[in-house]
Every structure is written in C-alpha cells, then in structure tokens.
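Subject: Handing over a structure

Hi there,

Here is the structure I promised to pass on to you. Have a look at it first, and then read on for what turned up.

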Amino acid sequence: MLAGHALLKILCGFVFLFLTAGSSWWFIGFLLNVVVVSVLVLEIMISFLQAYVFTLLSVIYLNEAVNLH
C-alpha cells in the first residue's frame, strides 16, 4: 500500500519540476501528469477491490460463526 503512495509522490515531484523548468519541458510534464492520474485511478480501483474482498470474507466468516454445521 505504501509503494503506490510513494510512486505518486515521486511522480508529482517530477511533474512539478518539468512544469516549472521552462516552456520547452511542458509536454513531458503533461505526459507525466497523465501517468499520475492513471496511477491514481489504478490505486482507487485496487482499494475498491480490497474493500469488496474484505466485506465478502467477513460475511462468509460471520455466516459460518452463526450457523454452526
């Protein structure tokens, strides 16, 4: 979980450096900004998947605890 946050912080730093470096580097900054947004979307999708799996496993375990077989 920490690797995604670290990657986002590093990429945002690169975006800031390229966007403030001058007018000739704005395109690379823009491309890196697209990469940052795509990594952010990927992290959000992974967090929803983790929440779904956690909820599903919790319901299964609680069902087994209540309905002893």
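**What was found**

V53 counts as partly exposed, because its relative accessibility is 40% (buried means under 20% relative accessible area, exposed over 50%, and partly exposed in between, with a 1.4 Å probe and protein chains only).

Before the rest, a word on the basis. This is a predicted model, in which local features need pLDDT of at least 70 and side-chain atom pairs count only at pLDDT 80 or more, while totals for chains, interfaces and linings use all residues. Residues are numbered from 1 along each chain as its sequence is written, and side-chain values use heavy atoms, with hydrogens and water left out.

Back to V53: this residue sits in helix α2, residues 26-66 (helices are DSSP runs of H or I with at least four residues, numbered from the N terminus). V53 also belongs to a nonpolar surface patch of about 700 Å², together with L49, Y52, L56, L57, I60 and Y61. For such a patch, residues need over 30% relative accessible area and no salt bridge, and nonpolar side chains are joined within 5 Å. A salt bridge here is a side-chain nitrogen of Lys or Arg within 4 Å of a carboxyl oxygen of Asp or Glu, and the areas come from the Shrake-Rupley method with a 1.4 Å probe.

L49, another member of the patch, is in helix α2 too. With a relative accessible area of 54%, L49 is exposed. Its C-alpha atom is 33 Å from that of F27, 22 residues away along the chain.

F18 and W25 make a tilted pair, 5.5 Å centre to centre with 45 degrees between the planes. W26 and F27 are edge-to-face, because their planes stand at 85 degrees, with the centres 5.8 Å apart. F27 is partly exposed at 46%.

Finally, the inside. The largest nonpolar core has 6 residues: L8, L11, V15, L32, V36 and V39 (buried Ala, Val, Leu, Ile, Met, Phe, Trp, Tyr and Cys residues joined through side-chain atoms within 4.5 Å). Helices α1 (2-21) and α2 each supply at least two of its residues.

Best wishes

Conventions
Patch = residues over 30% accessible without salt bridge, like charges linked within 9 Å, V, L, I, M, F, W, Y side chains within 5 Å. Phe/Tyr/Trp six-rings, centres within 6.5 Å; stacked < 30°, edge-to-face > 60°.
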